[in-house]
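Subject: Structure for you to look at

Hello,

Here is the structure we talked about.

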Amino acid sequence: MAPKSESLLVTQEIPLHAGWDVIVVGGGPAGCTAAAAAAREGAKTLLIEATGCLGGMGTNGLVPAWCPFSDHEKIIYRGLAEKVFTSLKAAMPHIDPQAMDWVAIDPERLKLIYDDLVTGSGASVLFHTTLGSVQTTAGRVTSIVVANKAGLSAYRAQVFVDATGDADLAVWAGAKYHKGDASGKSLMPATHCFSLGNVDEYAYRHGANLFCTNPESPIYKIIRSGRYPLISDYHSCNTLIAARTVGFNAGHLFDVDGTDPHALSQAMIQGRRMAMQFRDGLAEFHPAFANAFLATTGNLMGIRETRRIVGDYTLTLDDYIQRRSFPDEIARNCYYIDVHNKSSAAAQDPADFQRWTEKTARHYKPGESHGVPYRCLTPQGLSNVLVAGRSISCDQPVQGSVRVMPVCLAMGEAAGTAAAQTAAVADGDVHTADTAKLRARLQACGGWLPPVAAQA
């Protein structure tokens, strides 16, 4: 339990760095494309990242594979998203260049790709720098305060893009938000990804398949043995990411609030212990892992869900079911409703796990998708802040779809482009952006945005 907090007021002068057009906070997929797009449009752009590399869950977090880039007919996350995707595939000789779905990720190569994308666009990057506070006046963010090896510093820009994943900047500036269900609870569980090395010949497996739910599978045997108590459910997505190296997005850590630093700290400790239990259990029950070792665990916890801003529009489950299109849409999305079970009690039996998955997941047919309106990126009550990534304005089920990396890449490019366009206007009000101009620019840069009138 955390010690009781007390109040302490400290007043000091800190240096102010002004003159930026766009500042992006958070260097995950959405933040990277936001910074690259804003700089591409001519805005003086700074990307602030709390860790030492870009890429978020695809690099620091060790998510082993991309969620699908296609609608089972074609790639729909294009523009900068497709550039990142194809660049990584080209750097991994064992990957089929035509592959579009569940493609493995080499995190070290992906770090370099994001570095090149952002710096090559002309944006500046500040690593090991954490957002500390947000200063506002009349619904406008005037500056942010960050902490790094230089101490405390303030930064000012015309427009800010919140790509923190948790909507930290927007919420600290006063934006309304939702978290979890109506009571603010029932967040999806977290997962601490890891990689195992020295794995013998192994066939790729993903999701709720025979590897997870068949009574003869190693995961079933691990749980039934009772010798690995931290492994309590059948979530085990795993990918051959390189020769003899398998990446795992496996296991659930329940009741982890990603906005609570104490809960995050405990989850990191438990996640590392769980990863070792996976190694030991797989070594016992699967011959391919008999000589495997735990190569690495993620530097980030895999948080699926925290805050969702209240924007000018809230994307709903009905929008998803109706495959709805919008005149101001800035991306298309086709990923299924991937909501993870909230309690370990939902997955004590493999058949129950399979039934739960089939009940909650909603999949599109080939060629189907829905639009993501620009208005989901604009927090109510803040004039110069855009939000991109898993904390956009949507209801809880839809967040299970729009939270994944391909659509975050697309949303980031749209946010960065819009930020640059509005930063060039005197008041920099993101709510008044010319969305027709924005859509045209995204299309000119390779984005897939079919004419709305032609969509069902």
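W66, F69, Y77 and F85 form one aromatic cluster. Rings of Phe, Tyr and Trp (its six-membered ring) pair if their centres lie within 6.5 Å; planes under 30 degrees apart are called stacked, over 60 edge-to-face, and the rest tilted.

Before the rest, two remarks on the source. This is a predicted model, in which local features need pLDDT of at least 70 and side-chain atom pairs count only at pLDDT 80 or more, while totals for chains, interfaces and linings use all residues. Residues are numbered from 1 along each chain as its sequence is written, and side-chain values use heavy atoms, with hydrogens and water left out.

As for confidence, pLDDT is the predictor's own confidence in each residue, from 0 to 100. Its mean over the chain is 92, and 91% of the residues reach 70 or more. Residues 206-210 have a pLDDT below 50, and this stretch has 10 contacts in the model beyond near neighbours in sequence; contact means heavy atoms within 4.5 Å. Where pLDDT is low, the predicted coordinates should not be read in detail.

The chain has 12 helices and 15 strands. These are DSSP runs numbered from the N terminus: helices are H or I with at least four residues, strands are E with at least two. Of the 456 residues, 55% are buried, where buried means under 20% relative accessible area, exposed over 50%, and partly exposed in between (1.4 Å probe, protein chains only).

F85, from the cluster above, is also one of the buried residues of helix 2 (residues 80-90), along with L80, A81, V84, L88 and K89. The cover over the buried residues of helix 2 includes helix 1 (29-40), helix 3 (107-120) and helix 11 (405-423).

Back to the rings: the whole structure holds 12 aromatic pairs. One of them, F194 with F248, is stacked, at 5.1 Å centre to centre and 5 degrees between the planes. F194 is in strand 8 (residues 194-197) and F248 in strand 10 (residues 245-250), so this pair ties together parts 54 residues apart in sequence. F194 is buried at a relative accessible area of 0%, and F248 is buried at 0% as well. Y335 and Y336 make a tilted pair, 4.7 Å centre to centre with 50 degrees between the planes; Y335 is buried at 5%.

Two rings have a charge over them, meaning NZ of Lys or CZ of Arg within 6 Å of the ring centre and within 35 degrees of the ring normal. K44 sits over W20, 4.9 Å from the ring centre, and R307 over Y177, 5.6 Å from the ring centre.

Regards
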